[in-house]
Amino acid sequence: MNYHEVLSAGNNFLELNEIKNSKLDSELILSKVLNKTREQILSNLNNNINQKQFNEYNYYLIRRKKKEPMAYILGYKNFWKQKYYINKHVLIPRPETEHIIEEALKNIPENRSLNILDMGTGSGCIIISILKERTKCKATAIDICNKALKVAKNNAKLHHLENKIKFINIGIDKYKSYKYDLILSNPPYINKFDLDRLDEDVKVFEPKLALYGGIDGYREIEKVILKSSELLKENGKLIIEIGYNQKNRTLKLLSSNGFYINKISKDLSGKERCIISTKINK
Ligand SMILES: C[S@@+](CC[C@H](N)C(=O)[O-])C[C@H]1O[C@@H](n2cnc3c(N)ncnc32)[C@H](O)[C@@H]1O
């Protein structure tokens, strides 16, 4: 079969199974199988694929039919300005998390060598994106999941930052350390009610450890705020992502733990998702 025939069969198969971006997904799957770019494929539609490649293509199509997210099938996701390895042990980096990067970069002058902590690093996408652009800074990244940390370490190597980031397998509340200038975190913040109602692809395939924030959704947010209050230098900043309806209680938690609120940043759909605050007293 040639590329054209394979792509239209793949597109039809996914469309029949109600996969939304069936055409793009079949092209991306074929590009993974052939290890070629989409452009190389689309400009050579009369080229043929062999049986082994065809079998592999079908194997990925069947995974996609079962609603497995494309990032897990392809093994990578683009986030901010880089590409990140992804597997089932890490959350797929989300566009809304790019607000943390934007806000962090505004708060780190280019020539400063700050010491940064990333709590719940997952794929490492937050801290790697920052250190790529603020080359004088160094960082620690912690995660309770060792398999996630492995992915983060691979991403640090991929982006030549393995000597700048110390990775530690530990829970937020257990972590003891010297003080930091800046703490960043996108903790798990989904509550029990919302967890049961997540889209099937998220609920079935993404790690519960990266999503679930306890019955009310604040268990890990609280840990991040308490630990940041302990580990930030005076006037150090905490930048945290929260769920779409968690602003008020998070602001109260921050104020009662000695933080001044600098800014609340909205995501593209206008929801308040990222809080920038300063540790002002002990
Ligand atoms: C929402 S994901 C964020 C991953 C990544 N930072 C991102 O933004 O894409 C939360 C991460 O926190 C980790 N985690 C959950 N509970 C934790 C805890 N108590 N201590 C440390 N890490 C934790 C999970 O394993 C997961 O990797």
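At what angle do helix α6 (residues 98-107) and α7 pack, and how far apart are their axes? The angle is about 35 degrees and the axes are 10 Å apart. Axes here are lines fitted to C-alpha atoms, for helices over the stretch in contact, with angles running from 0 to 180 degrees between N-to-C directions. Helices (H or I, at least four residues) are DSSP runs numbered from the N terminus. This is a predicted model, in which local features need pLDDT of at least 70 and side-chain atom pairs count only at pLDDT 80 or more, while totals for chains, interfaces and linings use all residues. Residues are numbered from 1 along each chain as its sequence is written.

Ile100, Ile101, Ala104 and Leu105 of α6 make the contact with Ile126, Ser129, Ile130 and Glu133 of α7; two residues are in contact if their C-beta atoms, placed from the backbone, lie within 7 Å.

Another pair is α1 (residues 3-16) and α4 (residues 51-65), whose axes come within 10 Å and cross at roughly 20 degrees. The two are therefore roughly parallel to each other, a term for angles under 35 degrees. On the α1 side Val6, Gly10, Phe13 and Leu14 meet Phe54, Tyr57, Leu61, Arg64 and Lys65 in α4.

The largest nonpolar core has 58 residues, of which Ile116, Ile127, Ile183 and Leu184 touch the most other members. Such a core is a set of buried Ala, Val, Leu, Ile, Met, Phe, Trp, Tyr and Cys residues joined through C-beta atoms within 7 Å, buried meaning that 20 or more other C-beta atoms lie within 10 Å of a residue's own. Helix α7 (residues 125-133) gives this core its largest share, 6 residues.

Note on methods. Angles under 35 degrees count as roughly parallel, over 145 as roughly antiparallel, 65 to 115 as roughly perpendicular and the rest as oblique. A residue is buried if 20 or more other C-beta atoms lie within 10 Å of its own, exposed if 12 or fewer, and partly exposed in between; C-beta atoms are placed from the backbone.
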